[in-house]
Structures are given as C-alpha cells and as structure tokens.
Amino acid sequence: LLLLTATFAVQAAELPSLDATVTYDSKFVSHAGVTETRQFTNILIRRPGHVWMERVLPVQAQEHADEHGGHKHFDFETSTQHLTRTATGAIRAEYVDRGKRRVVFVPPTEYSVRGFDGSWDNAAAMVSEKTVKAMPLSKRVTTIAGTEWREESRNGWYNRVLWSNRQKIALVVESGKTDGSTTRRTVLE
C-alpha cells in the first residue's frame, strides 16, 4: 500500500507535456571593465517521467568541431541531457552524443560536475514551482493568460520569474546584481 501511495503521489505531480525552445543570455562586467556575454539555445522536451534538453549548435560550432576532428573525449557541454524519473521518484541522468551514438550515465554523486543540481523540478520547470510561489507577486503586468510575475530582491541581487500556471513552467527567468554588473535571462518559447 505504501508503494502504491508513493507511486500515485509521483504520478499525480507529473507536469504537462511540453516542447519548447529555451534561450539563455548572460552578461558579466569584470572589475577591469571587460564585458563578457554568452548566449545559447536548447530544445526542451518534457513528457511524463522524461526531460530531454538538447543543445542547438550553430553551423559555426559544427564547422569548428569538424575542422578539429571533434573532441576525443565525451563532450558533456554539447551533449543532450536526458533525465528520467521512476515511479518512486528516483532520477536517472544520462547524456547523449547523437552524432557519435554514445550514451553516458552519470551517477548522482557527479551531477554537480555536469551542471545538474539533482532537482527534477528545476530541470522540468526551469525553476521549481515551490521556489517561484515562495516569491512575492510582482507589480509587473503580463499579457499572457494564466501567467504571473513573481520577484524578489535581496543583498544586491534580484530574481524575477514569469510563471505559467497552466503549463507549470517558468517562461522567463531574470536574475542578476542590482548594479547591472551581472545579468542572466532565460526565455522559454
């Protein structure tokens, strides 16, 4: 009965299926006045028990890899992250190099080395709903039905999230330092 109850609780918490493009932008201004910017895009596919996050590589990156013969080792940065969750809530993380047809399993003790914090909710919803709902409602206006802005500011840092109550995912995540020296923006479409 306990196993059945746990299985039901995990299944009841499943998020709606979703296919999306996620664009990440960040800017950092160093103490020496050097501004560094980064931008990359992933494809997110979310299904019950699965999260697939695949990097979209621009032609230039593919050409660069071809010119240098590709990586000799498994390239976690460009590989696809595939997370699965069992009925008991256990998470399995594997990384897929489709071009070389290789799959690498990563044990939980090495999640942080690969940039995964171990949170199913953060992977499947960009930010866990619990974290978002703990943030105060914002005065920002949204024109997207079923969404709400949440935001907080603390110790010189800010966090803002445009949350979709229908899709159970963050559509926009903005964070950074209030002095503008560090900014991060993630947009899901």
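The lining of the largest pocket is made up of 12 nonpolar, 13 polar and 12 charged residues, where Ala, Val, Leu, Ile, Met, Phe, Trp, Tyr, Cys and Pro count as nonpolar, Asp, Glu, Lys and Arg as charged, and the others, Gly among them, as polar. This is a predicted model, in which local features need pLDDT of at least 70 and side-chain atom pairs count only at pLDDT 80 or more, while totals for chains, interfaces and linings use all residues. Residues are numbered from 1 along each chain as its sequence is written, and side-chain values use heavy atoms, with hydrogens and water left out.

**The largest pocket**

- The largest pocket holds about 1,000 Å³ of space, a volume being the space filled by probe spheres set on grid points joined across faces, edges and corners.
- Of its 37 lining residues, Y24, F40, N42, R55 and G115 are the closest to the centre.
- A pocket here is an open set of points on a 1 Å grid over the protein atoms alone, where a 1.4 Å probe fits, with protein on both sides within 12 Å along at least five of seven lines; lining residues have an atom within 4 Å of a point.
- β2 (35–47) contributes the most to this lining, with six residues, and the elements that supply at least two residues each include β1 (18–29), β3 (50–56) and α3.

**The sheet**

- Ten strands form an open sheet in the order β6-β5-β4-β3-β2-β1-β10-β9-β8-β7, with antiparallel pairing; strands are DSSP runs of E with at least two residues, helices runs of H or I with at least four, numbered from the N terminus, and two strands pair if DSSP finds at least two bridges between them.
- β6 (102–106) and β7 (147–154) are the edge strands with a single partner each, so one side of each has no neighbour in the sheet.

**Around β5**

- Five of the seven residues of β5 (91–97) are buried, meaning under 20% relative accessible area with a 1.4 Å probe and protein chains only.
- β5 pairs antiparallel with β4 (80–85) over six bridges, and T80 stands opposite V96.
- In the β4–β5 hairpin, with five residues between the strands, G89 has a positive phi near 95 degrees.
- β5 also pairs antiparallel with β6, over five bridges, and V96 stands opposite V103 there.

**S128**

- S128 sits in the loop between α3 (120–125) and α4 (129–134).
- S128 counts as buried because its relative accessibility is 9%.
- Leaving out residues up to four places away in sequence, S128 touches D121 and N122, contact meaning heavy atoms within 4.5 Å.

Key
Buried < 20%, exposed > 50% of the residue type's maximum accessible area, 1.4 Å probe, protein only.
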